[in-house]
Amino acid sequence: MNKLFGIEFPPRRILFIMTIVCLALMAVTYFMSDSAVPVRTAFGYLVVPLQTGMNFLGNQGAEAIDQRISMNELLETNQKLTEENAALRAQLALNEQKMHELGELRGLLEMKESYPDYEMTGATIISSTSENWFYRFTVNKGRLDGIEPNMVVVHGNGLVGIVTSVGDHHAAVTSIIDDTMNVAAIDLTTGSACIVRGDTAGVMDNGTIQIRYIDNNDEIRVGDAITTSNLSKYYLPDILIGYVSEVEQDPNMLTKSGRLIPAVDFSTLDEVLIIKTLKEK
Amino acid sequence: MEKRKYLILRIIFVVASVLLLFTLQTALLGRIPYLNIVPNLVLCCVSSFGILRGRRRGLWIGFTAGLLVDIFYGGPMIGFFALIYMYIGFLNGLFSKIVLKDMVMVPLIFVTGSEFLYHLYVYLFSYLLRRRLGFLEYVKGIMIPEFALTIVFMLVLYGILESINSRIKHAERKGEMTIVA
């Protein structure tokens, strides 16, 4: 247990030396962000197969559990279902009317539901962030599948985040709800520019993230759709981010701030689309 | 002095544990839908090895485990988690000679202390510096649920690791004794 290589290396000294090493490592990788790439690739080869395997096991297990639960539930719910049937029929009629209305409103806003001009590829999330502070995950496509850093990631018609690093067969994605993320955005209804900022506190609290730097004169309102704007460095324009849930005046009286409900449900995210078209600078 | 054979066995044991737990935490537990908090198994692992094997081992295991986390999730900076897990391994090891390793209280106290340290570090350097999160919200939203889950897993994990560790130790001693005799 106590290895001495001839020179005295008490644990405290090792700790001190390694602290310097860690700090140096942080500085180097922060200022030269490409230096980490070969390391990430190498480790990807080691860990990603494990994670994919674990994923597979997890899915099998989940299915088996699901089946057992539904066997028991079937008997119970059968009773309830017959009773609810009548009430549901009435609800259905009402919902069909609402769907029609929604379709009309969407047409009015001229929202795009797909991005036919962009080349896209689907990917599955194989692992989530290793702890609860950040909202990052890895997907099962990497450099050898044509994925590069700064590619935009979407799900359905909503923005998920951006690719931050790639290995040969995996990529790390940081989501827009992560605290470190800022997206240049625009209010679809009013044309107001703003910044959408990830916010761990807000997500934990009520599932919303921040909108900042709205000009005081802009007429932004609750319910407005917010999309990515042309001003963003990496994000392709016109991707839906979410809907405004709150707006209020900033103390400085020059700008407004608000909160946004993301269009994507991050708590159940499983599959994503990666847009392989990079924004031209 | 450890025999070669047992050294290799120990190394395999440690590497397998760290990899397995990291994978379990990210690929399985992290993927449970609607479960917003994941227990920090990496921390349990580092803490357990620190208690069982002392400062030196704890330090290195913490460093490599932290490095693994960094490489996958550290954002632009590598070394952020390596640093904290290294210290957690070291500090757990610092107290390892004082305590009996098979008491139930031991993993409980150590993991609580380690968790507290860990969260303080992440909070300070990720959040406080950027003025993003109030301390109370963070305690309520992240710390307390994670504490609860992690402690449960720690009890199980430490039990498993401790029994494997003492089994390897017994095997070593037996081997040595036959040679001496």
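Predicted model: local features only at pLDDT ≥ 70, side-chain atom pairs only at ≥ 80, totals over all residues.
Trainee: Which residues of helix 1 of chain B are buried?

Mentor: An α-helix has 3.6 residues a turn, so residues three or four places apart point the same way. In helix 1 of chain B, the buried residues include Val14(B), Ser17(B), Val18(B) and Leu21(B).

Trainee: How do the axes of helix 2 (residues 41-73) and helix 3 (residues 80-94) of chain B cross, and what residues make the contact?

Mentor: The two axes come within 6 Å and cross at roughly 175°. Angles over 145 degrees count as roughly antiparallel, so helix 2 of chain B is roughly antiparallel to helix 3 of chain B. Their contact comprises 21 nonpolar, nine polar and four charged residues.

Trainee: What is the phi of Asp238(A), and where does this residue lie?

Mentor: Most residues other than glycine have a negative phi. Asp238(A) is not a glycine, yet has a positive phi of about 65°. Its place is the loop between strand 9 (225-228) and strand 10 (240-249) of chain A. Asp238(A) counts as partly exposed because it has 15 C-beta neighbours inside 10 Å.

Trainee: Is Met253(A) buried or exposed?

Mentor: Met253(A) has 8 C-beta neighbours inside 10 Å, so it counts as exposed. Its phi is also positive, near 65°. Met253(A) sits in the loop between strand 10 and strand 11 (255-262) of chain A.

Definitions and conventions: Residues numbered from 1 in each chain as written. Chains lettered and ligands numbered in written order. Buried ≥ 20, exposed ≤ 12 C-beta atoms within 10 Å, placed from the backbone. Helix = DSSP H or I, 4+ residues; strand = E, 2+ residues; numbered from the N terminus. Axes fitted to C-alpha atoms, helices over the stretch in contact; angles between N-to-C directions. Parallel < 35°, antiparallel > 145°, perpendicular 65-115°, else oblique. Nonpolar A, V, L, I, M, F, W, Y, C, P; charged D, E, K, R; others polar.
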